[in-house]
Amino acid sequence: MTAARSYPTIPPVIESPRSAPNRPRRTRTNTELYAWLFMRVSGIVLVVLVLGHLFIMNILDGGVQRINWGFVAGRWASPFWQVWDLLMLWLAMIHGTNGLRVIINDYTRRDGTRLTLKAVLYTATTITIALGTLVIFTFNPDMGS
Amino acid sequence: MTAVAERPAETRAEAPIETRPVRVKIRRYVPELNPEPYWQTFEVHALPTDRVLNLLLDIKGYQDGSLTFRRSCAHGVCGSDAMRINGVNRLACKVLVKDMPDEITIEPIKGLPLEKDLVVDMEPFFEAYRSIKPFLITYGQPPTREHIQSQADRERFDDTTKCILCAACTTSCPVYWTDGQYFGPAAIVNAHRFIFDSRDEGTEERLEILNDREGVWRCRTTFNCTEACPRGIEVTQAIAEVKKALLYRRV
Ligand code: SF4
Ligand code: FES
């Protein structure tokens, strides 16, 4: 029989020899999931909206030549085209903004740069969306005449 | 057997081994001597059976003993010699020289801190690996018998069990190059291995980790990882399966 071997006692906590992860704190939200989903869904919808828009504006009888104040006024007289353009504005703007947000996240290294770029991006987006929405809803064919 | 026996002895002795001269252009980095990485070209006479790793060993053994790189098994099992060979991530021990042009460029894998020549600091890579909890998690009483698993259930994660942690995929990912905090394909592959394991009970925790900012949603389906994996793992598909599991909250 061999005598019972004695093993060195292991301290209760073994200190990690590794560097601690410098990952940002976990957020536990579904933001990224929804952003990802939004990109797919809005992308599909935008294919229809934008191609339809381009077709009507640039190809259908006369194309760009016939676009003038009256033409736009005529289209926006119908709630259908108002909703179409409104949807296109919102989806395209948010889709593009999210794309740029992702690129900023990918390529900026310093927190300051990221914050600045995102502030500029979100400001520009907000102004564009607000302005576009305002025009669609307050447009009056007799304006300025 | 007979074919060998019939061959005249003289021709066997005379048959020269045909070697092919190849130029091996290596991106070297010796921080003690030169703060900048530089290119150095070696000429090696390659045997028809050589792999790129043989060229490196030849250079280290006969031309410049200071050339530094990792290798261990030399048979595509340990995953220590991933490097960028002619611009793509490969295991040096799996690339045959006969499939290569006369000039072969070899660089360290990208996106991890360079230490010397072809050696990079793998710690950020393994930190990401550890943070997805790459071990079986169960709760409750210790089981009194084995966990039984059907063949169909085993099949679901079969592909991702093949990973050898060589880092070829993670360091081929453009998102990882610019953002080292992204967990990277390899960590997701190894999370997939447990998420889709019917015996494992840590699915929720792992999905939660990968649902975050630096998780699967950073993936842009570039497919570089699938292309790079020396084990032929469908890495991008594994990532997509994790995304799907998150989306439907069902594994
Ligand atoms: S998934 Fe493939 S490329 Fe990535 S670490 Fe594992 S074996 Fe290497
Ligand atoms: S040396 Fe082990 S995988 Fe190449």
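**Briefing: two chains and a ligand**

In helix 4 of chain A, which covers residues 111–138, A:Asp111 and A:Arg114 sit 3 residues apart, about one turn of the helix. Their side chains meet in a salt bridge, with a distance of 3.1 Å from N to O. The structure is a predicted model, and it holds 22 salt bridges over all chains.

**Contact between chain A and chain B**

- Chain A gives 21 residues to the contact, and chain B gives 25 residues.
- About 2100 Å² of area is buried between chain A and chain B. Carbon and sulfur atoms give 48% of that area.
- Between chain A and chain B there are 2 salt bridges. B:Arg218 and A:Asp106 form a salt bridge through their side chains, at 2.6 Å from N to O.
- Counting pairs with both residues at pLDDT 80 or more, 4 residue pairs are in polar contact between chain A and chain B.
- On the side of chain A that touches chain B, the elements giving two or more residues are helix 1 (31–59) and helix 3 (79–107) of chain A.
- By class, the residues on this side of chain A are 7 nonpolar, 6 polar and 8 charged.

- The residues around ligand 1 include four cysteines of chain B: B:Cys163, B:Cys166, B:Cys169 and B:Cys229.
- Also around ligand 1 are B:Ile164, B:Leu165, B:Ala167, B:Ala168, B:Ala186, B:Pro230, B:Arg231 and B:Ile233.
- The shell around ligand 1 has 11 nonpolar residues, no polar residues and 1 charged residue.

**Confidence of the prediction**

- The average pLDDT of chain B is 92, and 94% of its residues score at least 70.
- For the model, the ipTM score is 0.79 and the pTM score is 0.84.

Methods: Residues are numbered from 1 along each chain as its sequence is written. Chains are lettered from A and ligands numbered from 1 in the order in which they are written. Side-chain values use heavy atoms; hydrogens and water are left out. Contact means heavy atoms within 4.5 Å. Buried area is the accessible area (1.4 Å probe) that two parts lose on being put together, summed over both. A salt bridge is a side-chain nitrogen of Lys or Arg within 4 Å of a carboxyl oxygen of Asp or Glu. A polar contact is a pair of N or O atoms within 3.5 Å; within protein, one must be able to donate a hydrogen and the other to accept it, and residues adjacent in sequence count only if both atoms are side-chain atoms. Helices (H or I, at least four residues) and strands (E, at least two) are DSSP runs, numbered from the N terminus. Ala, Val, Leu, Ile, Met, Phe, Trp, Tyr, Cys and Pro count as nonpolar, Asp, Glu, Lys and Arg as charged, and the others, Gly among them, as polar. A residue is near a molecule or strand if one of its heavy atoms lies within 4 Å of it. pLDDT is the predictor's confidence in each residue, from 0 to 100.
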